[in-house]
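Please read them with the coordinates open.

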Amino acid sequence: MKKKLILASVSPRRKEILKKAGYDFLVVPSNYSEKISNLEYSSSLVENCAYNKAYDVIKRQKGIVVAADTVVVLEGIILGKPKDKKEAFLMLKNLSNKTHFVTTSICLMDSNKVLLDGEVTYVTFRKLSDCEIINYIEQKNPLDKAGSYGIQDENFDFAVQIKGELDNVIGFPIKLFNSMMDSFV
């Protein structure tokens with residue numbers, strides 16, 4: 001009997017990427033509260049967050065739980081989701097004319113097995129004017145996105161170079177997930 005896949009997230013971006021890749025899944029949001037913004041980056045912080053999200057859901061729902069945590073890291077500091085437009089402005093201003101990285105940890109978990117892995121993508125922004133940043137914040141909703149931006153947003157032109165998987169920057173590295181699923185089942 002094939003186990004059902006359970007996504008421990010309400011992220012519209014994760015749902016869209018999984019659907020586009022042909023996966024059938026149930027959405028069961030995790031109640032785990034992540035508090036890693038503005039901390040010094042370590043891969044274990046992001047892995048622990050993904051693991052704890054999966055663990056919270058597996059206690060309530062049987063199947064293969066997939067949980068992920070995506071963060072933007074600039075100069076060693078994690079940029080999470082901004083709390084308001086002012087913080088979004090400061091984040092984007094700091095990302096201007098610099099290279100940062102986006103990392104996602106994925107945890108697959110069922111009642112017998114746990115698999116953790118991660119992906120890193122480097123993104124370079126061009127120099128941004130204050131006016132461009134303000135217009136972006138007013139036209140898009142950066143408050144639900146790590147680093148205050150959505151690279152998939154229509155007409156998003158801040159990034160001049162991406163080294164790695166674009167889907168990782170969007171919030172879910174599907175190539176990594178596919179290979180994890182191959183080895184998990």
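1. Contact is used below for heavy atoms within 4.5 Å, and helices (H or I, at least four residues) and strands (E, at least two) are DSSP runs, numbered from the N terminus. This is a predicted model, in which local features need pLDDT of at least 70 and side-chain atom pairs count only at pLDDT 80 or more, while totals for chains, interfaces and linings use all residues. Residues are numbered from 1 along each chain as its sequence is written, and side-chain values use heavy atoms, with hydrogens and water left out.

2. On the overall fold, the chain has 6 helices and 7 strands, which follow one another in the order β-α-β-α-β-β-α-β-β-α-β-α-α. The radius of gyration (taken over C-alpha atoms) is 16 Å, close to the 16 Å that the globule rule (2.2 Å times the number of residues to the power 0.38) gives for 185 residues, so the chain is as compact as a globular protein of that length. Along the principal axes, the C-alpha atoms fill a box of roughly 55 × 30 × 25 Å. Among contacts between residues at least 6 apart in sequence, 70% join residues at least 24 apart.

3. The accessible surface, from the Shrake-Rupley method with a 1.4 Å probe, comes to about 9600 Å², of which 50% belongs to carbon and sulfur atoms. The chain carries 26 positive and 23 negative side chains, with the centres of the two sets 4 Å apart; Lys and Arg count as positive and Asp and Glu as negative, whereas His and the chain ends are not counted.

4. In helix α1 (residues 12-20), the buried residues are Arg13, Arg14, Ile17 and Leu18. They cover an arc of only 130° around the axis (an arc of the directions from the helix axis to the C-beta atoms), which puts them on the same side of α1. The cover over these buried residues includes β1 (5-7), β3 (64-74), α5 (166-170) and α6 (174-184), whereas the face of α1 turned away from its buried side carries the exposed residues Glu16, Lys19 and Lys20. Just after α1, Gly22 adopts a positive phi of about 90°.

5. Which residues of helix α4 (residues 130-139) are buried? They are Ile133, Tyr136 and Ile137, and, seen down the axis of α4, these buried residues fall within an arc of 95°, so they line one face of the helix. That buried set packs against α3 (85-95), while Cys131, Glu138 and Gln139 are exposed on the other side of α4.

6. Two individual residues deserve a look in the viewer. Pro142, in the loop between α4 and β7 (159-163), counts as buried at 2% relative accessibility. Not counting residues up to four places away in sequence, Pro142 touches Pro82, Ala88, Tyr136, Ile137 and Ser148, and the C-alpha atoms of Pro142 and Lys81, 61 residues apart along the chain, are separated by 7.8 Å. Glu87 has its place in helix α3 and counts as buried at 17% relative accessibility. With residues up to four places away in sequence again not counted, Glu87 touches Asn38, Lys81, Pro82 and Ser148.

Conventions: Buried means under 20% relative accessible area, exposed over 50%, partly exposed in between (1.4 Å probe, protein chains only). The place of a charge is taken as NZ of Lys, CZ of Arg, CG of Asp or CD of Glu.
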